[in-house]
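The sequence and structure are shown first.

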Amino acid sequence: MTLATLKDVLDQALTRHFAVGGLVCLGWEDMRAYALAAEAEGLPVILQAGPSCRKHTPLPVLGKMFRTLAESVSVPVVAHLDHGYTLEECREALDSGFTSLMFDGSRLPLAENIAQTAQIAEMAHRAGISCEGEIGFVGYSDGETSEGTEPEDAAAFARDSGVDAMAISVGNVHLQQNHEGGLDEARIRAIEAVTDIPLVIHGGSGVPLAQRRALARGSRICKFNIGTELRMAFGTALRAALAQDPERFDRVQILSAVEPQLVTAARAALRTLGPE
Ligand SMILES: [Zn+2]
């Protein structure tokens, strides 16, 4: 049993100078591949269920799946809710066995974001689990534009919300496909100067690999969320598996053929963040 909280794995990452992958899960086959990848690399992993995952599969089922996988490996596994938008959603994740809740109040005014996040963090801590919040706004490729995190807002948010980790907007953008979004290191250092809690980068797929590696080892960024590059690996492997045998129709056979490539892609992603 290696179920862990977000705080457990981020504390370890800070001390050992690396970052943990927050891998975006959409179903059993990808989350199992990510757990196997973490086991093979000897690194912790954060399995995360975001809005589209929850739309597809109910939270109580996802909680059970994450916990079952945590029991099957020897590395720490965090069962994480990604972008919870309401108290009710966060409470349902808690009741479903999640060990970490991200509340996204980044579209709210600062004071309201702090107040609502503090309520979720208190609920999480009372239950012995962790909470991540977001300050500034991380935009979406071909969608809403970002609003960079102001260091003074980050300091107030870290101090008053009680979160265990803080997602920041420093040039990162969700859903980028080509590692094209370099991060603003001056802004990261300015945020680090005014707070000491672990920092989180959403949209990690968009960050150039060399910068991802350097910041994982040389900054307080302890969690990179990685979704798009793994979903792309899944799509490529799935197309190849179907093309290889046009007669194949069984879901388990098809997805079993996809799994090795998904494990390889997840291992590579975790390795870019791992310790020297
Ligand atoms: Zn995100």
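Donors are N, O and S atoms within 2.8 Å of the metal; because water is not among the atoms, sites may look incomplete. The model is a predicted one.

**Metal site.** The zinc ion is held by NE2 of H83, NE2 of H174 and ND1 of H202, at 2.0 to 2.1 Å. Along the chain, these donors of the zinc ion follow the spacing H-x90-H-x27-H. H83 belongs to strand β4 (residues 77–84), while H174 sits in the loop between β7 (165–168) and α8 (185–194), so the pair ties together parts that are 91 residues apart in sequence.

**Burial.** Residues under 20% relative accessible area count as buried, and the table lists three residues that meet this criterion.

| Residue | Relative accessibility | Class |
|---|---|---|
| H83 | 5% | buried |
| H174 | 9% | buried |
| E259 | 16% | buried |

**Helix α11.** E259 is part of helix α11, which spans residues 251–273. Apart from neighbours within four places in sequence, E259 contacts E29, R32, A33 and L36.

**Overall architecture.** The protein comprises 11 helices and 9 strands. Its radius of gyration is 18 Å, close to the 19 Å that the globule rule gives for 276 residues, so the protein is as compact as a globular protein of that length. Buried residues account for 55% of the 276 residues. Of the contacts with a separation of 6 or more, 71% join residues 24 or more positions apart. The protein exposes about 11500 Å², of which carbon and sulfur atoms supply 53%. The mean positions of its 24 positive and 36 negative charges lie 5 Å apart.

Methods: Residues are numbered from 1 along each chain as its sequence is written. This is a predicted model: local features need pLDDT of at least 70, side-chain atom pairs count only at pLDDT 80 or more; totals for chains, interfaces and linings use all residues. Side-chain values use heavy atoms; hydrogens and water are left out. Helices (H or I, at least four residues) and strands (E, at least two) are DSSP runs, numbered from the N terminus. Buried means under 20% relative accessible area, exposed over 50%, partly exposed in between (1.4 Å probe, protein chains only). Contact means heavy atoms within 4.5 Å. Donors are N, O and S atoms within 2.8 Å of the metal (3.2 Å for Na, K and Ca); water is not among the atoms, so sites may look incomplete. The radius of gyration is taken over C-alpha atoms; the globule rule is 2.2 Å times the number of residues to the power 0.38. Accessible areas come from the Shrake-Rupley method with a 1.4 Å probe; for residues, only the protein chains shown count as cover. Lys and Arg count as positive and Asp and Glu as negative; His and the chain ends are not counted. The place of a charge is taken as NZ of Lys, CZ of Arg, CG of Asp or CD of Glu.
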